[in-house]
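Dear colleague,

Please find the structure below, followed by a summary of what was found in it.

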Amino acid sequence: MSLSAQAVEIVAHRGFSSRAPENTVASFNLAWEQGADACELDLYLTADGEIAVLHDADTKRTTKVSKIVKDSTMADLQTLDAGSFKSKAYAGEKIPTLKEALATMPIGKKRFLLEVKCGPEVVPVLAKQLALWKLRAPQLCIIAFDRQVAQECKKAMPWIKVYRLSSEKENKQPVDLTQLIADTKADGLDGLDLGLKWKWSEAMVKEIKDAGLELHVWTVNRAGDARRLAELGVDGITTDDPVMVREAIEKK
Ligand code: G3P
Ligand code: CA
(Lines give C-alpha, C1' and ligand atoms only; values in the text may rest on other atoms or scores of the structure.)
(Ligands and ions follow the chains in the order given, each with its own letter.)
Protein backbone atom coordinates (compact mmCIF):
# COMPACT_ATOMS: atom_id res chain seq x y z
CA MET A 1 0.00 0.00 0.00
CA SER A 2 1.18 3.51 -0.75
CA LEU A 3 0.76 5.75 2.27
CA SER A 4 -0.27 9.36 1.84
CA ALA A 5 2.26 11.59 3.55
CA GLN A 6 -0.35 14.36 3.34
CA ALA A 7 -2.63 12.49 5.71
CA VAL A 8 -0.08 12.29 8.52
CA GLU A 9 1.24 15.46 10.12
CA ILE A 10 4.99 15.12 10.61
CA VAL A 11 5.99 17.00 13.75
CA ALA A 12 9.64 17.88 14.39
CA HIS A 13 10.26 17.11 18.05
CA ARG A 14 11.90 20.15 19.71
CA GLY A 15 12.59 21.21 16.10
CA PHE A 16 14.89 19.09 13.93
CA SER A 17 16.54 17.87 17.12
CA SER A 18 18.50 14.97 15.61
CA ARG A 19 20.56 17.50 13.63
CA ALA A 20 20.33 20.83 15.47
CA PRO A 21 20.22 21.81 19.16
CA GLU A 22 16.74 21.06 20.49
CA ASN A 23 14.30 23.91 21.17
CA THR A 24 16.37 26.61 19.44
CA VAL A 25 15.54 28.93 16.56
CA ALA A 26 18.15 27.03 14.48
CA SER A 27 16.35 23.76 15.14
CA PHE A 28 12.93 25.16 14.21
CA ASN A 29 14.25 26.87 11.06
CA LEU A 30 15.95 23.66 9.93
CA ALA A 31 12.71 21.74 10.44
CA TRP A 32 10.74 24.20 8.31
CA GLU A 33 13.46 24.18 5.61
CA GLN A 34 13.45 20.38 5.55
CA GLY A 35 9.70 20.15 5.05
CA ALA A 36 8.32 19.34 8.52
CA ASP A 37 4.58 20.00 8.77
CA ALA A 38 4.85 21.14 12.36
CA CYS A 39 7.31 21.71 15.19
CA GLU A 40 6.90 20.75 18.82
CA LEU A 41 8.45 22.85 21.60
CA ASP A 42 8.53 22.83 25.42
CA LEU A 43 7.82 25.88 27.54
CA TYR A 44 8.23 27.26 31.07
CA LEU A 45 7.39 30.51 32.85
CA THR A 46 10.45 32.52 33.96
CA ALA A 47 10.86 34.55 37.17
CA ASP A 48 10.03 37.78 35.32
CA GLY A 49 6.90 36.46 33.63
CA GLU A 50 8.33 35.61 30.21
CA ILE A 51 7.90 32.26 28.49
CA ALA A 52 11.12 30.38 27.78
CA VAL A 53 11.46 27.49 25.32
CA LEU A 54 13.41 24.52 26.69
CA HIS A 55 12.73 20.98 27.81
CA ASP A 56 14.20 20.80 31.32
CA ALA A 57 13.34 22.80 34.44
CA ASP A 58 17.09 23.44 34.80
CA THR A 59 19.47 24.62 32.07
CA LYS A 60 22.37 22.27 32.93
CA ARG A 61 21.94 19.58 30.25
CA THR A 62 21.69 21.89 27.25
CA THR A 63 23.94 24.80 28.34
CA LYS A 64 26.39 23.23 30.85
CA VAL A 65 25.47 26.01 33.31
CA SER A 66 22.89 25.26 35.97
CA LYS A 67 20.05 27.76 36.36
CA ILE A 68 16.55 26.96 37.56
CA VAL A 69 14.26 28.36 34.88
CA LYS A 70 11.46 29.50 37.19
CA ASP A 71 13.97 31.41 39.37
CA SER A 72 15.78 33.07 36.44
CA THR A 73 14.90 36.06 34.31
CA MET A 74 14.64 35.62 30.57
CA ALA A 75 17.63 37.94 30.14
CA ASP A 76 19.68 35.65 32.45
CA LEU A 77 18.70 32.60 30.44
CA GLN A 78 19.59 34.29 27.19
CA THR A 79 23.20 34.80 28.30
CA LEU A 80 23.66 31.01 28.03
CA ASP A 81 24.91 29.04 25.03
CA ALA A 82 22.23 26.48 24.16
CA GLY A 83 23.88 25.32 20.94
CA SER A 84 27.40 24.06 21.73
CA PHE A 85 26.21 20.93 23.55
CA LYS A 86 25.01 19.65 20.17
CA SER A 87 27.83 20.92 17.94
CA LYS A 88 30.37 23.75 17.79
CA ALA A 89 28.65 24.79 14.57
CA TYR A 90 25.74 25.96 16.74
CA ALA A 91 27.76 27.83 19.38
CA GLY A 92 25.90 30.88 20.63
CA GLU A 93 22.36 29.65 19.94
CA LYS A 94 20.13 31.04 22.66
CA ILE A 95 17.24 29.69 24.67
CA PRO A 96 14.42 31.38 22.75
CA THR A 97 11.38 33.13 24.11
CA LEU A 98 8.08 31.68 22.95
CA LYS A 99 7.63 34.78 20.78
CA GLU A 100 11.00 34.19 19.07
CA ALA A 101 10.17 30.54 18.43
CA LEU A 102 6.71 31.29 17.02
CA ALA A 103 8.18 33.98 14.74
CA THR A 104 10.03 31.23 12.80
CA MET A 105 6.76 29.65 11.64
CA PRO A 106 5.88 30.25 8.00
CA ILE A 107 2.39 31.64 7.33
CA GLY A 108 0.09 28.95 6.00
CA LYS A 109 -0.50 25.34 6.88
CA LYS A 110 2.42 24.70 9.23
CA ARG A 111 1.79 24.65 12.97
CA PHE A 112 3.46 24.59 16.37
CA LEU A 113 2.58 22.13 19.14
CA LEU A 114 3.34 23.95 22.39
CA GLU A 115 4.03 21.63 25.33
CA VAL A 116 3.40 23.26 28.70
CA LYS A 117 6.02 21.76 31.02
CA CYS A 118 5.31 23.95 34.06
CA GLY A 119 2.14 24.36 36.13
CA PRO A 120 -1.05 26.34 35.47
CA GLU A 121 0.61 29.60 36.59
CA VAL A 122 1.75 30.05 32.98
CA VAL A 123 -1.79 29.92 31.54
CA PRO A 124 -2.74 33.65 31.85
CA VAL A 125 0.64 34.67 30.37
CA LEU A 126 0.28 32.17 27.55
CA ALA A 127 -3.29 33.32 26.85
CA LYS A 128 -2.12 36.94 26.66
CA GLN A 129 0.74 36.16 24.29
CA LEU A 130 -1.28 33.82 22.07
CA ALA A 131 -4.16 36.30 21.79
CA LEU A 132 -1.99 38.02 19.17
CA TRP A 133 -2.16 34.79 17.14
CA LYS A 134 -5.96 34.50 16.99
CA LEU A 135 -6.05 35.01 13.23
CA ARG A 136 -3.60 32.11 12.87
CA ALA A 137 -5.38 29.84 15.37
CA PRO A 138 -5.17 26.71 13.15
CA GLN A 139 -1.39 27.05 13.31
CA LEU A 140 -1.32 26.44 17.08
CA CYS A 141 -1.99 23.50 19.36
CA ILE A 142 -1.28 23.20 23.09
CA ILE A 143 -0.22 19.85 24.55
CA ALA A 144 0.18 18.89 28.22
CA PHE A 145 0.56 15.82 30.42
CA ASP A 146 -0.99 17.59 33.40
CA ARG A 147 -4.78 17.36 33.31
CA GLN A 148 -5.35 20.60 35.19
CA VAL A 149 -2.99 22.48 32.86
CA ALA A 150 -4.79 21.09 29.80
CA GLN A 151 -8.20 21.98 31.27
CA GLU A 152 -7.15 25.52 32.14
CA CYS A 153 -5.56 26.08 28.71
CA LYS A 154 -8.77 25.03 26.96
CA LYS A 155 -10.86 27.24 29.25
CA ALA A 156 -8.64 30.29 28.75
CA MET A 157 -8.09 29.71 25.01
CA PRO A 158 -11.08 27.81 23.60
CA TRP A 159 -10.02 28.89 20.10
CA ILE A 160 -6.82 26.81 20.27
CA LYS A 161 -6.75 23.02 19.97
CA VAL A 162 -5.51 21.25 23.10
CA TYR A 163 -4.29 17.64 23.22
CA ARG A 164 -3.68 15.63 26.37
CA LEU A 165 -0.30 13.88 26.48
CA SER A 166 -0.01 10.48 28.08
CA SER A 167 2.55 7.75 28.53
CA GLU A 168 1.30 4.17 28.68
CA LYS A 169 2.07 4.09 32.42
CA GLU A 170 1.58 6.62 35.18
CA ASN A 171 3.22 6.02 38.56
CA LYS A 172 4.23 2.59 37.19
CA GLN A 173 0.55 1.66 36.68
CA PRO A 174 -0.90 1.08 33.18
CA VAL A 175 -3.10 3.97 32.04
CA ASP A 176 -6.70 2.97 31.24
CA LEU A 177 -7.28 4.17 27.66
CA THR A 178 -11.09 4.18 27.93
CA GLN A 179 -10.90 6.37 31.04
CA LEU A 180 -8.34 8.65 29.41
CA ILE A 181 -10.64 9.11 26.40
CA ALA A 182 -13.59 9.83 28.70
CA ASP A 183 -11.56 12.41 30.67
CA THR A 184 -10.30 14.06 27.48
CA LYS A 185 -13.85 14.37 26.12
CA ALA A 186 -15.20 15.61 29.48
CA ASP A 187 -12.50 18.32 29.48
CA GLY A 188 -13.55 19.44 25.99
CA LEU A 189 -10.11 18.75 24.53
CA ASP A 190 -9.43 18.02 20.88
CA GLY A 191 -7.08 15.08 20.89
CA LEU A 192 -4.61 12.72 22.46
CA ASP A 193 -0.85 12.73 21.98
CA LEU A 194 0.39 9.34 23.14
CA GLY A 195 3.79 7.73 23.65
CA LEU A 196 5.08 5.13 21.22
CA LYS A 197 5.25 2.53 24.02
CA TRP A 198 1.47 2.13 24.10
CA LYS A 199 0.40 -1.24 22.59
CA TRP A 200 -0.67 0.06 19.20
CA SER A 201 -3.47 -1.74 17.37
CA GLU A 202 -6.31 -1.02 14.95
CA ALA A 203 -8.78 -1.34 17.83
CA MET A 204 -6.94 1.23 19.89
CA VAL A 205 -6.82 3.77 17.08
CA LYS A 206 -10.50 3.10 16.30
CA GLU A 207 -11.55 3.67 19.91
CA ILE A 208 -9.83 7.06 19.94
CA LYS A 209 -11.10 8.12 16.50
CA ASP A 210 -14.65 6.94 17.23
CA ALA A 211 -14.63 9.25 20.24
CA GLY A 212 -13.99 12.13 17.84
CA LEU A 213 -10.45 12.78 19.07
CA GLU A 214 -7.39 13.54 16.96
CA LEU A 215 -4.44 11.23 17.57
CA HIS A 216 -0.73 12.00 17.59
CA VAL A 217 2.13 9.73 18.64
CA TRP A 218 5.61 10.59 20.06
CA THR A 219 8.59 10.07 19.72
CA VAL A 220 8.97 7.95 16.60
CA ASN A 221 12.56 7.58 15.42
CA ARG A 222 12.40 4.32 13.45
CA ALA A 223 11.07 4.02 9.90
CA GLY A 224 9.20 0.78 10.64
CA ASP A 225 7.31 2.34 13.55
CA ALA A 226 6.42 5.39 11.45
CA ARG A 227 5.08 3.19 8.63
CA ARG A 228 3.01 1.06 10.97
CA LEU A 229 1.47 4.07 12.72
CA ALA A 230 0.68 5.71 9.39
CA GLU A 231 -1.00 2.50 8.24
CA LEU A 232 -3.03 2.43 11.44
CA GLY A 233 -4.31 5.91 10.55
CA VAL A 234 -2.85 8.17 13.22
CA ASP A 235 -3.13 11.90 12.46
CA GLY A 236 0.36 12.92 13.47
CA ILE A 237 3.82 11.55 14.21
CA THR A 238 6.34 13.41 16.34
CA THR A 239 9.96 12.63 15.55
CA ASP A 240 13.51 13.89 16.03
CA ASP A 241 14.03 13.26 12.28
CA PRO A 242 11.18 14.53 10.09
CA VAL A 243 13.05 13.72 6.86
CA MET A 244 13.37 10.06 7.83
CA VAL A 245 9.67 9.83 8.74
CA ARG A 246 8.58 11.44 5.47
CA GLU A 247 10.72 8.99 3.47
CA ALA A 248 9.34 6.09 5.51
CA ILE A 249 5.68 6.90 5.01
CA GLU A 250 6.04 7.91 1.37
CA LYS A 251 7.79 4.63 0.54
CA LYS A 252 5.64 2.48 -1.69
O1 G3P B 1 5.52 15.58 21.92
C2 G3P B 1 5.45 15.05 23.21
C3 G3P B 1 6.78 14.74 23.77
O4 G3P B 1 7.62 15.83 23.50
C5 G3P B 1 6.73 14.45 25.23
O6 G3P B 1 7.97 14.06 25.74
O7 G3P B 1 9.92 14.46 27.16
O8 G3P B 1 10.09 14.93 24.78
O9 G3P B 1 8.75 16.42 26.22
P10 G3P B 1 9.22 15.02 25.98
CA1 CA C 1 7.95 17.86 24.58
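Helices (H or I, at least four residues) and strands (E, at least two) are DSSP runs, numbered from the N terminus. The model is a predicted one, in which local features need pLDDT of at least 70 and side-chain atom pairs count only at pLDDT 80 or more, while totals for chains, interfaces and linings use all residues. Residues are numbered from 1 along each chain as its sequence is written, and chains are lettered from A and ligands numbered from 1 in the order in which they are written.

The protein contains ten helices and eleven strands. Of its 252 residues, 43% are buried (20 or more other C-beta atoms, placed from the backbone, within 10 Å of the residue's own). The C-alpha trace spans about 50 × 40 × 40 Å along the principal axes.

The loop between strand E10 (214-218) and helix H9 (223-232) holds threonine 219. A cis peptide bond, with omega about -25°, links tryptophan 218 to threonine 219. Trp218 and Thr219 are also among the residues surrounding ligand 1, which include His13, Glu40 and Asp42 (C-beta atom, placed from the backbone, within 6 Å of the ligand).

Two further residues deserve mention. Arginine 14, in the loop between strand E1 (9-13) and helix H1 (25-33), has a positive phi near 60°. Arginine 14 counts as buried because 26 C-beta neighbours lie inside 10 Å. Asparagine 23 lies in the loop between E1 and H1 as well, and its phi is near 55°, also positive. Asparagine 23 is buried, with 27 other C-beta atoms within 10 Å.

Yours sincerely

How values were computed: A residue is buried if 20 or more other C-beta atoms lie within 10 Å of its own, exposed if 12 or fewer, and partly exposed in between; C-beta atoms are placed from the backbone.
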